Structures are given as structure tokens and as C-alpha cells.
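These are my notebook entries on one structure. I recorded what I looked up, entry by entry.

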Amino acid sequence: MGKLILNIGFLITGAVMFASCNLISSAGFNSKGLPTPNVEDDMSWVDSKVKLDHGIWDRLLKKHVKENGMVDYKGFKNDREKLDKYLKKLSDQKPDNTWSTQELLAYYINLYNAYTVDLILRNYPLESIKDISGPWTKEFITVGDTELSLGAIENSILRKMNEPRIHFAINCASISCPKLRREAYTADKIDRQLEAATKEFINSDNNEISQSSAKLSSIFDWYRKDYTEGGLSLIEYVNQYSNTRINPKAKITYKEYDWGLNDVK
């Protein structure tokens, strides 16, 4: 009887793992042919045949995102027509290899953030993005004739570009996320914007840093490989931006992530 229960347990576990793999596969966790060039060290010079205007998104962010990073989703809802116009503009563009790395980064980051706001609005009011079924696996984002999920944009496009600072630029509509910036990302400013977003997040209340210890955001745990792939230790990466230098031998722990909606109350 015990062996029977054990075997059933293995079968159930295997079924769950198989279902999870299928879920990831069906979520379109691949770039679907969209360009993902490696980010070079020097992004100061932009050479692109395409120059996108993100002005609509920039104005919406300045209007509906507060200095503390909280988002006025009710305000966004009132400007739904403008947001839809911007989403259509993004969807009508399909990146190709003539786009500069900077233009691609700005496009993908804005695409992720704008469609995250769209997803929240279509399910508003709610307490957390996790109240939505499959928020990162549903393919509801259209780019040309390609359908993508938020998870695909993050994991199969942006992360493939070898730029770990993107994790401080994309916003998952949650309290513990890096702030949604009050400006659109643009090709001509992308390097400075990513640098500012990274420094701001690392020195924010999302981390508790001292010389002898580091209690970091769970983001550093989930994406540790991205920060250490270049040969740096995690502490060495954080020390590049931290106002307080952490001892290389300091113990690292991680903070619990607050998935509550980053909504203006």
C-alpha cells in the first residue's frame, strides 16, 4: 500500500512538472525571431535607421506616475484612448536587424511596461497582478504578426541581450518592483536611464545594505546568474552602485517580495 501511494505521488509530481513545462512552452518563451543583439559596453553612439517617438507614453507616465513610483491606474483608465494609441503604435512596429541595440532596448522595455499597465487596466480593480490568471504567460502582446507574453519579452528577449540593468527598468506593477519611471526610455538616453534606475533601486528601501551584511531584493536571488555571468560576485555587482560598500565576505539574505499592486490609494 505504501509503495502504491509513493508511486501515485511520483506520477502526480511528474504530471505537474510536465504541465509546467508545457505551460512555459505554450507561453511562447522564445524570441520568435525578434532581434536580441548583445549589448556592448559603449552605448553612447546610436546608429539606427529607425527612430521611434515614445512621446505619448512619456506624457502618460509624467501624468499618472508619482515621484514615489506609485501609479494612478484610475487616471490611466481615463486616458485609455491615448494608451491604446501608443500600444497600437508599438504593435505596428516589428523590430529587425536594422534597429540599433539602443533602439531595441528602449522599444522592448517600453513595450513591457506599457502592456503591463494595459493588463492591469483590463482587470482593474485588483489587489495584485498575481490575481490575474497567467499574467506573464498569456500571449496578449502583438508585435507585427507575432504574439508574445510578458514573460517572453523579459526572459527570451531582454535577458538574452546580456544587459542585467533591464531588471531595474521593467515594472511588474508591484510594490517591491523597481519604480515605473516617469519618462519613456529612448535610444539616445537609454544608457543613462538604465544606470540611474539601477542606482536608485539598489539604494532604495528595497534593499537593506550595510558594510557587514546585505539583505537584498529577491530580484537578485531570482536573476543572480544575470549579475554574475561576467565573472563578478553578486556583492561586487551591487557595490558598483551602492552608496555603502559591502564587505566581500558579508552574508547575503533576501527580502520577502511584496506583490501588492503599486496603486495610488
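Entry 1. I began with a single residue of this predicted model. I looked up which residues I109 touches, leaving aside residues up to four places away in sequence. I109 touches L158, I166, A169, I170, Y185, I190 and L194.

Entry 2. I then asked which residues have the most contacts inside the largest nonpolar core. I109 is one of them, together with W57, Y73, L105, I120, I141 and F220. This core has 76 residues. Its largest share, 14 residues, comes from helix α5, which spans residues 101–123.

Entry 3. I turned to helix α2, residues 55–64, and asked why it counts as largely enclosed. Seven of its ten residues are buried, so the rest of the structure largely encloses the helix. Buried here means under 20% relative accessible area. I listed the buried residues of α2 as G55, I56, W57, D58, L60, L61 and H64. These buried residues pack against α3 (73–78), α4 (80–92) and α5 (101–123).

Entry 4. I next examined a sheet. Three strands form an open sheet in the order β3-β4-β5, and the pairing is mixed. The edge strands are β3 (208–209) and β5 (251–254), each of which pairs on one side only.

Entry 5. I asked in which sense β3 and β4 pair. Strand β4 covers residues 213–216, and it pairs with β3 in the antiparallel sense over two bridges. I also looked up the bridge partner of I209 in β4, and found A214.

Note on methods:
Residues numbered from 1 in each chain as written. Predicted model: local features only at pLDDT ≥ 70, side-chain atom pairs only at ≥ 80, totals over all residues. Heavy atoms only, no water. Pairing = 2+ DSSP bridges. Helix = DSSP H or I, 4+ residues; strand = E, 2+ residues; numbered from the N terminus. Buried < 20%, exposed > 50% of the residue type's maximum accessible area, 1.4 Å probe, protein only. Contact = heavy atoms within 4.5 Å. Core = buried A, V, L, I, M, F, W, Y, C linked by side-chain atoms within 4.5 Å.
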